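Please look over the sequence and the model before reading on.

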Amino acid sequence: MKKVLLITLRSDHGGGPKHVLDIASRLPTKSLFIASPVSAPYGEKFRSRSSEHFSLPHRKFSILSFIRLLYFVRSNNIDIVHSHGRGAGLYSRLLSLFSVECIHTYHGIHIKDGIFSKISNFIDKSLTKLTHKLIFVSDSEKSNAQKIGLAPENISFVVENGVSLPQLENEESNCERKVLGTLTRLEEHKNNEYLIRRIHENNQYHLKVAGDGPQHRKLLALVEELGIESNVEFLGNVEDPYLFLKDIDIYVSSSKGEGMPYAVLEAMACKKPCLLSRVSGHVDLVDSEQLFESNEEFNSKLENIKINYSKIQNLNREKVENHFNIEKQIAKIIHLYQ
């Protein structure tokens, strides 16, 4: 087994750090090195899984850290550097200048207007020349990358995210199905304000929001302004997503775009029907009856899901089992390493 260094600039709650830990947990420790922040909840897990750990600042590029990381790579005779996310990709692509094979996973391609986005995409496009292999976690993510020149065909591969299948208890019969839930980061891109406004229109439903982020206070204020404090519950970060999912009926997300969201995969693995915005990442996972584009579609499809609940439950579980299994995902990544 070649020596592999995984790089991420996040060790907080989120799909990116979980993805890195999933890979790390299935590689031999003696061949594995990890560079990441040391913050909870993933920092200590990264340390325990790696032969040697290198500390990096959270979501920040540092010239001094890069120089130290280069020495770390050379002194440990590392063969492959696999970066996850835009910031980590800057470290890995520069390391490739020093005879190290660079593999990069984007974890989300967001096409936006504005000068900052154009500059970021220009830098990413320049860095592809220093990359040996690019991994996209869904077909729609790769398609978005191709539109802005970030997916040269000869080095681009799709490796879908995967999750384990939990053991499920028999559910009690419930014809109401009134509890909606979302596992999310409370930030503008996740568009959680949209869900809150739909709950205001459909006040027979209850929404459980798991997660934290910069919009927490703004969303709390919106709930108070709309007078739906009894309909929306903020739970903060949760340690066990499967315990959270056990307490909801339907998983919802109004995100403006995803790579391939773990939270949705986990909900599907738990046989939860999903109602998702029709955007990249979501369209790779569920069929049309679980996707919405307008307020009217959200409301009508929510009612349709309640009617066809059992059918959608089984369909979602089977999709994860057949197409989004963690073992298949890791096998594909190891194949790219070899």
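A polar contact is a pair of N or O atoms within 3.5 Å; within protein, one atom must be able to donate a hydrogen and the other to accept it, and residues adjacent in sequence count only if both atoms are side-chain atoms. Serine 62 caps the N-terminal end of α3 in this way, with a side-chain oxygen 3.4 Å from the backbone nitrogen of leucine 64. Helices (H or I, at least four residues) and strands (E, at least two) are DSSP runs numbered from the N terminus.

The model is predicted: local features need pLDDT of at least 70, side-chain atom pairs count only at pLDDT 80 or more, and totals for chains, interfaces and linings use all residues. Residues are numbered from 1 along each chain as its sequence is written, and side-chain values use heavy atoms, with hydrogens and water left out.

**Helix α3**

Helix α3 covers residues 63–75 and has 13 residues. From its first C-alpha to its last α3 reaches 19 Å, close to the expected 18 Å (1.5 Å times one less than the number of residues). Ser65, Phe66, Leu69, Leu70, Phe72 and Val73 of α3 are buried, that is, under 20% relative accessible area, where exposed is over 50% and partly exposed lies in between (1.4 Å probe, protein chains only). Viewed down the axis of α3, the buried residues fall within an arc of 160 degrees (taken from the directions from the axis to the C-beta atoms), so they line one face of the helix. They pack against β1 (4–8), β2 (32–36), β3 (52–55) and α4 (86–95), contact meaning heavy atoms within 4.5 Å. On the other side of α3, Ile63, Leu64, Tyr71 and Arg74 are exposed. Asparagine 77, with a positive phi near 50 degrees, follows α3.

**The sheet and its neighbours**

Seven strands form an open sheet in the order β3-β2-β1-β4-β5-β6-β7, with parallel pairing; two strands pair if DSSP finds at least two bridges between them. β3 and β7 (156–158) are the edge strands, each pairing on one side only. The twist averages 20 degrees from one strand to the next. Angles run from 0 to 180 degrees between N-to-C directions, and axes are lines fitted to C-alpha atoms, for helices over the stretch in contact.

| Helix | Strands crossed | Angle |

**Strand β9**

Four of the five residues of β9 (residues 206–210) are buried, so this strand is largely enclosed by the rest of the structure.
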